[in-house]
Amino acid sequence: MKKDIHPNVNDAKVRCNCGYETAMLTTKGKEVTVEICSNCHPFYTGKQRFVDTAGRIDRFRKKYAAVADAKK
C-alpha cells in the first residue's frame, strides 16, 4: 500500500443544536457541529416536528442581499 495517501482520522466530539454530544471517528476535524441528530430527528424520535427549512432560505437571502443592492 502507498503511504501518506489516506486522510487523518480523529476522535471527534459531535455536538447537535439540541445539546446532545457524542464522540465518533471522523476525518472532518476534532469538533463537529450539526443542526439535527438522531436524538432530535422526527424519524428516530417518532414525534411529529417541523424541521426548519425556512431558515435556510432566510440565510440565503441575507447572504446575497448585499449583491442585489449593489447591482441596483
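In this predicted model, Phe60, Tyr64 and Val67 together make a nonpolar surface patch of about 300 Å². Phe60 belongs to helix α2, which spans residues 54-71. With a relative accessible area of 52%, Phe60 is exposed, since the class of exposed residues begins over 50%. Tyr64, at a relative accessible area of 39%, is partly exposed.

One aromatic pair is found when the whole structure is searched. In that pair, the ring centres of Phe60 and Tyr64 lie 4.8 Å apart and the ring planes stand at 50 degrees, so the arrangement is classed as tilted. That label follows because planes under 30 degrees apart would count as stacked and planes over 60 as edge-to-face. Both residues sit in helix α2, and their separation of four residues corresponds to about one turn of the helix.

Three strands make up an open sheet, arranged in the order β2-β1-β3 with mixed pairing.

Strand β1 covers residues 10-16 and runs antiparallel to β2, to which six bridges join it. An example is Asp11, whose bridge partner in β2 is Leu25.

Charged side chains provide a further set of contacts. Side chains of opposite charge can pair when their charged atoms come close. Across the whole structure, a search finds three salt bridges. In one of them, the side chain of Arg15 meets that of Glu21, with an N to O distance of 3.0 Å. Arg15 is partly exposed at a relative accessible area of 29%, and Glu21 likewise counts as partly exposed, at 43% relative accessibility.

Arg15 also takes part in a salt bridge with Glu31, where the N to O distance is 3.2 Å. This pair links distant parts of the chain, given that Glu31 lies in strand β3 and Arg15 in strand β1, 16 residues apart. Glu31 is exposed, its relative accessible area being 57%.

Another salt bridge brings together the side chains of Glu35 and Arg59, at 3.6 Å from N to O. Glu35 is located in the loop between β3 and α1 (42-45), whereas Arg59 is located in helix α2, so this contact ties together parts that are 24 residues apart in sequence. Glu35 counts as partly exposed, because its relative accessibility is 43%. Among the salt bridges, those that share partners join Arg15, Glu21 and Glu31 into one network.

How values were computed
Residues numbered from 1 in each chain as written. Predicted model: local features only at pLDDT ≥ 70, side-chain atom pairs only at ≥ 80, totals over all residues. Heavy atoms only, no water. Patch = residues over 30% accessible without salt bridge, like charges linked within 9 Å, V, L, I, M, F, W, Y side chains within 5 Å. Areas by Shrake-Rupley, 256 points an atom, 1.4 Å probe, with all protein chains shown as cover. Salt bridge = Lys/Arg side-chain N within 4 Å of Asp/Glu carboxyl O. Helix = DSSP H or I, 4+ residues; strand = E, 2+ residues; numbered from the N terminus. Buried < 20%, exposed > 50% of the residue type's maximum accessible area, 1.4 Å probe, protein only. Pairing = 2+ DSSP bridges. Phe/Tyr/Trp six-rings, centres within 6.5 Å; stacked < 30°, edge-to-face > 60°.
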